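Have a look at the model below and turn it around a bit. Then we can walk through some of its rings, strands and contacts together.

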Amino acid sequence: MANQKILKALCLLFSLISIPATAQTLDIDADVRARFEYRHGFNNLFPDDVDPAAFIQQRTRLNIGYKAEKLQLFIALQDVSTWGDTRQILAMDGNDSFSVFQAYLQLDLNENWSTKLGRQIISYDDQRIFGGLDWAMQGRFHDAAIVKYKKDDFVFDIGGAFSQEQPKNEGTAFNVKGFFTYKSMQYAYLKKTWGKSAASFLFLNTGFQDFTGVDNDVADGVSYRQTVGSYFKFPVQNVNMAGSAYYQFGEANATTDLAAYQLSLEATYKPNKILYAIGVELLSGTDQDGDSKNKSFFPLYGTNHKFNGFMDYFYVGNHANNVGLNDVYAKAVFSTGEKSSLLVKGHYFLSNADLSNDQDKYLGTEVDIVYTQKLMPFVKMNVGYSHMFASDSMSSIKGGRPSDNTNNWGWVQLIVKPSLFKTDLNKKQ
C-alpha cells in the first residue's frame, strides 16, 4: 500500500513538472525532524515499579506546491516512524508509517472569492479550536471544502466536511471512533483587522456517530456539538493583550446535553531583549460527583500542546469530560544570542469543577524550559525540560496514580526545512 502511494505521488510530481508553459511556479521543500524524548511522568503521573521510556521519533515530509494564474495545488507526503520500528533487512516498511498529509487544490474565482478542496490544515488565530498541531509528528488535517472571501482587512470562510470510511451502496454509518473524529462538520469564520488590533468570530458544528448495542457497535443516530466564540488582540500602550471566549452547547452524547465555556486573557510586554507574559485560562468542567449536564469544555481540533503545559497533562488525548481546568501562568523569553533564545514558563493548575470528597482544587505546578538555537538558515535545534509538581488532587483525576513520584520530561529536537527546488515555469529561456 505504501509503495502504491509513493508511485502515485511520483507520477503526480512528474506530471506537474511536465505541464506546458501556462504554469507559473513549482516549489518543492522538505521538513525532516527527529526528536529524542525521555519520559518519566509525561502525559500522566509516573506509576510505581516501572522504568521510564526513551525513544527517537522522526518525521520526513516532502511538500510539493504548484501555482498557476487562478489555481494552486499542494501535496505533502510524510513518513512518521520511531527509530527501530522495522527490523533489519525487511523487504518492505511494515509499520504502515507512510501517508498523504495534505492534498488540496485552491481555485481563485475572482479577486475576493476562492475555494479550497481536499485534505488540508485548518488553522485560525492562536490555534485554540482549529490548529495544525505541528508539534505532533503526524500533524492534524481535515478532508474538507472551504469557500473563502478576503477583501482588505476582512476575512470570511465557510467550511464543511462529511466523513465516510469508503464508498457504499447503502447507509452512511461511520464506525471510526477516534478522539473527537467527526462524521460531519460545518463552520463559519470571520475576522476583521484594525492596525495592530484584530477580532474574529467562529461558529463550529460537529456531528459524531452514536452507537448502541451490547458491544456498542451498532451505529444509531448522530450527536451534534456546537462551539461558538471569539478571539481578539489589541495593544494597550506597550502591552499587547490577547484573549478568547468560547461556549459549547448541544449534545455531549446521545443521552447527555452539553453546556461548557472557555475564557482566556494574556498580556505580553517586551521592554528590551526579554519578553514577559502573564495569563489565565479557564476551561469549565463537570463535578466529579456528577451533574445532569456535561459541563466539560474541550478545545477539539486545536494545537493543544501549545497550551496548559508542555507535559500534556490536559486536553492532549486526555481530560475529556473531566473536571476542567483553571490555568494561571507566567513566562519569560530571553534572547541569549543573535540566533538563540531561552523560554521559561510556569503553570499553576486548579480544577475548575468540584472534586469528590471536598478535595482541594489545586492540581499542581509545572515548570517548562526550552532552549532554541538556529544552526543554519534552514536548521534549528530545540532542547527542553519540564517538571510537574503534582498534588494529591491530581492523583484523583489521573486514575489514582501516585502524586509523590518524580514527574519530569526531557527532549532534544532537530528540525531541517530546506528548499529543494523552485522554478518559474513561465520564465523565458
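Let's start with the aromatic rings: this predicted model holds 24 aromatic pairs. One of them is made by Trp409 and Trp411, whose rings are stacked, with 5.8 Å from centre to centre and 25° between the planes. Are these two tryptophans buried or exposed? Both Trp409 and Trp411 are buried.

Tyr124, Phe130, Tyr182, Tyr187, Tyr189 and Tyr301 come together as one aromatic cluster.

| Charged residue | Ring | Distance to ring centre |
|---|---|---|
| Arg128 | Phe307 | 4.1 Å |
| Lys177 | Phe211 | 4.2 Å |

So much for the table; in words, Arg128 lies over the face of Phe307, while Lys177 puts its charged end over the ring of Phe211.

Now for the strands. Strand β7 covers residues 154-162 and strand β8 covers residues 184-194; the two run antiparallel and are joined by nine bridges. If you want to find one of these links in the viewer, go to Ala161, whose bridge partner in β8 is Met185.

β8 has a pairing with strand β9 (residues 197-212) as well, again in the antiparallel sense, and this one extends over 11 bridges. A spot to look for here is Gln186, which has Asn205 as its bridge partner in β9. How many residues sit between the strands in the hairpin of β8 and β9? There are two, and in this hairpin Gly195 takes a positive phi near 60°.

Last stop: Glu266, which you'll find in strand β12, spanning residues 257-269. Why does Glu266 count as partly exposed? Its relative accessible area is 22%, and because buried means under 20% and exposed means over 50%, a value in between counts as partly exposed.

What does Glu266 touch, once its neighbours within four places in sequence are left aside? The list is Asn240, Met241, Ala242, Ile278, Gly279 and Tyr329. Two of these partners are worth a click. Met241 is 25 residues away from Glu266 along the chain, yet their C-alpha atoms are separated by 5.8 Å. With Tyr329, the link runs through the side chains: a polar contact of 2.7 Å joins Glu266 to this tyrosine.

Notes: Residues are numbered from 1 along each chain as its sequence is written. This is a predicted model: local features need pLDDT of at least 70, side-chain atom pairs count only at pLDDT 80 or more; totals for chains, interfaces and linings use all residues. Side-chain values use heavy atoms; hydrogens and water are left out. Rings of Phe, Tyr and Trp (its six-membered ring) pair if their centres lie within 6.5 Å; planes under 30 degrees apart count as stacked, over 60 as edge-to-face and the rest as tilted. Buried means under 20% relative accessible area, exposed over 50%, partly exposed in between (1.4 Å probe, protein chains only). A charge sits over a ring if NZ of Lys or CZ of Arg is within 6 Å of the ring centre and within 35 degrees of the ring normal. Helices (H or I, at least four residues) and strands (E, at least two) are DSSP runs, numbered from the N terminus. Contact means heavy atoms within 4.5 Å. A polar contact is a pair of N or O atoms within 3.5 Å; within protein, one must be able to donate a hydrogen and the other to accept it, and residues adjacent in sequence count only if both atoms are side-chain atoms. Two strands pair if DSSP finds at least two bridges between them.
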